[in-house]
Amino acid sequence: MIEEINIDEGYFHNIRAFLEIPEGKPPFSTIIICHGLTANPIFPVDSDSIYHEISKKLTEAGFLTVRFNFTMNLKEDIATFHIKSEEHDLKEVMKELLDNERVNKKRIGAVGHSFGGTILLLTAHENKRLKAIATISPKFELGEGFTDHPWHLEAQEKGYFTHTDHQENEHKISKEFLEENFKHNKRLKKAIKKIKAPLLLIYGTNNEEEVAESEAIKKLAKHAQTIPIEGADEKLSNTTSLTYASRECVKFFVEKL
């Protein structure tokens, strides 16, 4: 069963969330799902194949899941959001879960994809309620390594950069996203070192940058379990890759929660 809820006090507006509730008697072990860049109220997470499939597999295994849209400000057709806003929204989602009688407060985990994985890496050591964290293709470099990145160069020229989502749709994201995130580069590296909870890193081998970032995270979080998926890209656009990643997430949380 899927239940849509609205959570007050999001950074820009209320947070749209979806609880996927398993069969059985509550309270349930619960997994928060943190999306990547362009799943939000305009590009909703409930229709995105990656998060839908991960949620489905976790629910079939007996977990309650919560998929939610990080909030954003949309002015004309340019979206504004960043680390600060997404950290805020994640905290509000956690507050909502702790007030929900169907959630087992002692067994809460989280899985984050791409930038959603970065948010988890930044906050996991501070959030003692998160007992296990899985990341899929998390972004690691937020600072100097982005200076010559095409996104940064485009943002300096136009005031925004263009991001292509999983369905190959193009979206404009304000340069504030990059400028705000740069401030957290050193903090991210320190935060990863402080993670004590079980940590899973899933990444595709189809992109050298993605492999390098995952290896850099592993050096900082030596206890992390790594699963490279041969030939997969960051978007898990191959159905086989998505199925495999979802299955590995389930195995991880069944073992660690």
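Predicted model: local features only at pLDDT ≥ 70, side-chain atom pairs only at ≥ 80, totals over all residues.
Eight strands form an open sheet in the order 1-2-4-3-7-8-11-12, and the pairing is mixed. Strand 1 (2-7) and strand 12 stand at the edges. Each has a single partner strand, so one side of each is left without a neighbour in the sheet. From one strand to the next, the twist averages 20 degrees. Within this sheet, strand 3 and strand 7 pair in the parallel sense. Six bridges link these two strands. Cysteine 34 has glycine 112, in strand 7, as its bridge partner.

Helices pack on this sheet. Helix 1 touches strand 2 (15-20), strand 3, strand 4 (64-68), strand 7 and strand 8. The direction of helix 1 makes about 165 degrees with that of strand 4. Helix 3 (residues 115-123) also packs on the sheet, where it touches strand 3, strand 7, strand 8 and strand 11. The direction of helix 3 makes about 130 degrees with that of strand 7.

Helix 8 spans residues 239-256 and has 18 residues. From its first C-alpha to its last, helix 8 reaches 26 Å, close to the 26 Å expected at 1.5 Å a residue. At the start of helix 8, asparagine 238 makes a contact with the backbone. A side-chain oxygen of asparagine 238 lies within 2.7 Å of the backbone nitrogen of threonine 240. The buried residues of helix 8 are Ser241, Leu242, Ala245, Ser246, Glu248, Cys249, Val250, Phe252 and Phe253. What covers them includes helix 1 (49-60) and several strands. Among these strands are strand 3 (28-34), strand 7 (103-113), strand 8 (130-136), strand 11 (199-204) and strand 12 (225-229).

Isoleucine 133 is found in strand 8. Its relative accessible area is 1%, and under 20% counts as buried, so isoleucine 133 is buried. Leaving aside residues up to four places away in sequence, isoleucine 133 touches Ala110, Leu120, Ala124, Ala197, Pro198, Leu199, Leu200, Phe252 and Phe253. Two of these residues, Phe252 and Phe253, are among the buried residues of helix 8. Leucine 121 is twelve residues from isoleucine 133 along the chain. The C-alpha atoms of this pair are separated by 8.4 Å.

The largest nonpolar core has 50 residues. Those with the most contacts inside this core are Ile32, Phe68, Leu90, Val93, Leu130, Phe177 and Leu199. Valine 93 touches Ile7, Ile15, Ile32, Val66 and Phe68, not counting residues up to four places away in sequence. A second core is separate and has 27 residues. It includes Ala39, Leu58, Ala134 and Ala245. Ala245 is also one of the buried residues of helix 8.

A further open sheet has four strands, in the order 5-6-10-9, with mixed pairing. Strand 5 and strand 9 (160-164) stand at its edges. Each has a single partner strand, so one side of each is left without a neighbour in the sheet. Neighbouring strands of this sheet are turned by 35 degrees against each other on average, direction ignored. Strand 5 and strand 6 run antiparallel and are joined by three bridges. The bridge partner of lysine 75 is isoleucine 78, in strand 6.

Serine 174 belongs to strand 10 (residues 170-174). Serine 174 is buried, with a relative accessible area of 11%. Apart from its neighbours within four places in sequence, serine 174 is in contact with Ile78, Ala79, Thr80, Gly159, Tyr160 and Phe161.

Glutamate 76 lies in the loop between strand 5 (73-75) and strand 6 (78-80). Its phi is near 60 degrees, a positive value in a residue other than glycine. Glutamate 76 counts as exposed, at 74% relative accessibility. Leucine 236 lies in the loop between strand 12 and helix 8. Phi of leucine 236 is near 50 degrees, which is also a positive value in a residue other than glycine. Leucine 236 is buried, with a relative accessible area of 5%. Proline 27 lies in the loop between strand 2 and strand 3. A cis peptide bond joins proline 26 and proline 27, with omega at about 5 degrees.

Methods. Residues numbered from 1 in each chain as written. Heavy atoms only, no water. Expected span 1.5 Å × (residues − 1). Buried < 20%, exposed > 50% of the residue type's maximum accessible area, 1.4 Å probe, protein only. Contact = heavy atoms within 4.5 Å. Polar contact = N/O pair within 3.5 Å; in protein donor to acceptor, adjacent residues only side chain to side chain. Pairing = 2+ DSSP bridges. Axes fitted to C-alpha atoms, helices over the stretch in contact; angles between N-to-C directions. Core = buried A, V, L, I, M, F, W, Y, C linked by side-chain atoms within 4.5 Å.
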